[in-house]
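Colleague: I'm new to this one. Could you show me how to read its aromatic pairs?

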Amino acid sequence: MYYSPLQPPYFLLLVGFLTALTSGLALSGTLKVIVQKWPSVRTENTKPRSSLKQLLVPFVGITGGTSLFLSSGLEIFGFPSSLALGVGLPISLLTCLLVWLQLGSMMTFIEREGMQSLDLDSFS
């Protein structure tokens, strides 16, 4: 029986992990820049949706890396390729969709109520 070097896909597992990690760092940096600009550019024309457009590319990278990582991990544990993709892809996409929706609602909430509204330690 012949196994290719990517059988099981350890290389794809590493690529998926590094893709998600670097995209997460890019998302973090972009989000910090957006939040730092908010007080200085506090006008009625700035909408959270325009901020979300800047976050879309790093978030798609996180989604793709997570999908590849999860599918490759399932394949390493003995799942056939089609089943690993059939389980890993929907779980990753659904989870990332829910995180994206939560991120959008939190940015809208912060834009409307201010950053102090998220401080759970203060009783003001």
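Modeller: Searching the whole structure turns up two aromatic pairs. Rings of Phe, Tyr and Trp (its six-membered ring) pair if their centres lie within 6.5 Å; planes under 30 degrees apart are stacked, over 60 edge-to-face, and the rest tilted. In Phe17 and Phe69 the ring centres are 6.0 Å apart and the planes stand at 45 degrees, so this pair is tilted.

Modeller: A word on the model: it is predicted, so local features need pLDDT of at least 70 and side-chain atom pairs count only at pLDDT 80 or more, while totals for chains, interfaces and linings use all residues. Residues are numbered from 1 along each chain as its sequence is written, and side-chain values use heavy atoms, leaving out hydrogens and water.

Colleague: Which helices do Phe17 and Phe69 lie in?

Modeller: Helices are DSSP runs (H or I, at least four residues), numbered from the N terminus. Phe17 sits in helix 1 (residues 10-37) and Phe69 in helix 2 (residues 48-76), so the pair ties together parts 52 residues apart in sequence.

Colleague: What about Phe59 and Trp100?

Modeller: Their ring centres are 5.0 Å apart with planes at 50 degrees, so that pair is tilted. Phe59 belongs to helix 2 and Trp100 to helix 3 (residues 81-113), so parts 41 residues apart in sequence are tied together. Phe59 is buried at 8%, and Trp100 is buried at 19%.

Methods:
Helices (H or I, at least four residues) and strands (E, at least two) are DSSP runs, numbered from the N terminus. Buried means under 20% relative accessible area, exposed over 50%, partly exposed in between (1.4 Å probe, protein chains only).
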